[in-house]
Amino acid sequence: FNFKDVPAGSYTLRVSYAGLDEFNSPMTVVAGQTTNAPVSMTSVYKLEAFTVEGVREGNAAAIMAQKNAANIVKMVSTDFYGDVADGNLAIMIQNEPSVSVFQQSGDMSGVSVGGAPVELTTVNINGARMASAIVGSTAGMGDRSQFVDRMPAEFIKSIEVTMGTTPDQMDDSLAGGVNMVTKSGLDVTKNVFTYRMGVTNNNYYKAMEHRFRPTGALTYLGAFGNDRQLGVSLSVSYSDTLNPSENTNTAHADSNDARASGARMLMDLNERRREGVSGQVDYKFQQNTAHVWLQGMSNFYAFTNNRINWQASAGNRNFADYSVVSLAAIQAGAAPKTTAGAAAGLAPGFDANAQSLMLDPTITNDAEHEDRRGHQYTIAGGFTKEWSDSKVTLKASWNPTSFDDDFYGITINYNNMP
């Protein structure tokens with residue numbers, strides 16, 4: 001901030017910032033000279049006799065940016081939520097108002113603003129469109145959707161959610177957009193090194209009790225120079241998780257009849273691996289009114305699915321009449337018939353669980369294996385120049401991405417099972 005034409009004399013500089021302690025400092029202004037006033041603000045939370053100091057200043061910055069935004073924007077710092085065990089950004093984004101997430105194979109992968117389809121919500125990184133190639137099934141998300149779960153959370157400083165369309169967005173941002181701002185060494189008042197290391201284990205199946213998977217992240221944020229005008233940031237992350245799931249569902253002849261005309265049991269074992277490295281260099285000059293930055297990022301995402309699918313379906317959804325063809329005759333090989341003499345596929349009546357007996361069903365057994373692998377790369381740079389009443393920003397980015405999908409499966413059908 002610059003204050004021009006301030007008369008010579010003694011003053012008290014007072015600075016307030018949401019979430020931080022107020023700053024007060026006496027100053028003396030000398031005629032014909034420029035007076036610099038470094039401002040340092042901290043956040044201190046007190047609980048009875050204890051004093052807890054934490055790295056939560058990033059959330060205060062997000063609150064102020066939201067307060068000063070020209071449109072309806074919700075901003076939050078990733079510091080506010082702390083560490084995410086598997087590094088999935090969608091876990092953080094889902095906590096924002098009017099934002100919903102889309103799940104695929106047991107994990108959160110896409111985001112939507114205002115209840116619109118996922119493919120109508122754009123996802124940006126530092127204001128540039130996030131590249132997200134996809135092959136194979138998108139599980140209802142749409143081919144134009146962007147998968148946020150492939151970007152490690154350790155790279156991101158804050159998340160901005162824009163409600164609705166604004167002039168700076170692309171024409172497919174009908175619902176709104178999500179912009180993820182990366183970390184910078186100029187964001188900290190002192191050099192910071194953080195790390196996270198651990199293992200994950202999901203013992204849903206007994207065979208998985210000893211299948212531990214590693215997870216970890218390293219982040220360095222630092223500034224150099226007499227005025228800390230050169231900032232350097234580096235993040236490295238790795239996450240490997242196993243996620244089994246089971247689903248059982250039934251189909252019914254109509255909504256008013258609880259007897260099942262089909263049944264399915266699905267067993268999945270999903271493994272996800274995320275690897276990423278990101279670096280950024282920032283430099284401020286001309287009394288901090290000009291800023292230039294360069295960023296590089298590389299992400300790797302791997303998904304492996306092993307699936308067993310059992311499915312049974314009746315030949316049709318007509319209910320048999322045992323007065324026309326008895327159950328004993330059907331079990332002996334006779335074709336079941338309805339009261340009108342048409343072919344039937346379901347036995348009449350209910351059992352204790354309101355389920356029906358399928359007659360001559362078709363049994364299907366699928367065994368499937370799928371490997372998905374995606375690479376994302378980003379090289380970006382920008383320049384910003386500020387004046388007292390205006391600002392110019394130039395940005396450029398190159399975001400190549402690739403994705404491949406290998407699928408193997410075998411299906412066995414058993415027709416007219418007794």
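User: Why does Asp-404 count as partly exposed?

Analyst: Asp-404 has a relative accessibility of 30%, and because buried means under 20% relative accessible area, exposed over 50% and partly exposed in between, with a 1.4 Å probe and protein chains only, Asp-404 counts as partly exposed. This is a predicted model, in which local features need pLDDT of at least 70 and side-chain atom pairs count only at pLDDT 80 or more, while totals for chains, interfaces and linings use all residues. Residues are numbered from 1 along each chain as its sequence is written, and side-chain values use heavy atoms, with hydrogens and water left out.

User: What makes the contact of Arg-373 and Asp-404 a salt bridge?

Analyst: The side chains of Arg-373 and Asp-404 meet at 2.6 Å, N to O, and a salt bridge is a side-chain nitrogen of Lys or Arg within 4 Å of a carboxyl oxygen of Asp or Glu, so the pair qualifies. Arg-373 lies in strand β17 (residues 362-386) and Asp-404 in strand β19 (residues 401-414), so the pair ties together parts that are 31 residues apart in sequence; strands here are DSSP runs of E with at least two residues, helices are runs of H or I with at least four, and both are numbered from the N terminus.

User: How do you know that Glu-275 and Arg-273 form a salt bridge, and are they buried or partly exposed?

Analyst: Glu-275 is partly exposed at 29% relative accessible area, and Arg-273 is partly exposed at 28%. In the salt bridge of Glu-370 with Arg-372 the closest N and O atoms are 3.1 Å apart, and both of these residues are buried. A search of the whole structure finds 10 salt bridges.

User: Why is the pair of Tyr-283 and Phe-285 called stacked?

Analyst: Rings of Phe, Tyr and Trp (its six-membered ring) pair if their centres lie within 6.5 Å, and planes under 30 degrees apart count as stacked, over 60 as edge-to-face and the rest as tilted. Tyr-283 and Phe-285 lie 5.7 Å centre to centre with 20 degrees between the planes, so the pair is stacked.

User: What makes the pair of Phe-193 and Tyr-195 tilted?

Analyst: The rings of Phe-193 and Tyr-195 are 6.3 Å apart centre to centre, with 35 degrees between the planes, and because that angle falls under neither the stacked nor the edge-to-face rule, the pair is tilted. Tyr-195 lies in strand β12 and is exposed, with a relative accessible area of 58%.

User: Which residues form the nonpolar patch on the surface?

Analyst: Phe-193, Tyr-195, Met-197, Leu-218, Leu-234, Val-236 and Val-277 form this patch, with about 730 Å² of accessible area together. Patches are made of residues with over 30% relative accessible area and no salt bridge, with like charges joined within 9 Å and nonpolar side chains (Val, Leu, Ile, Met, Phe, Trp, Tyr) within 5 Å. The largest share of the patch, three residues, comes from β12.

Terms used
Areas by Shrake-Rupley, 256 points an atom, 1.4 Å probe, with all protein chains shown as cover.
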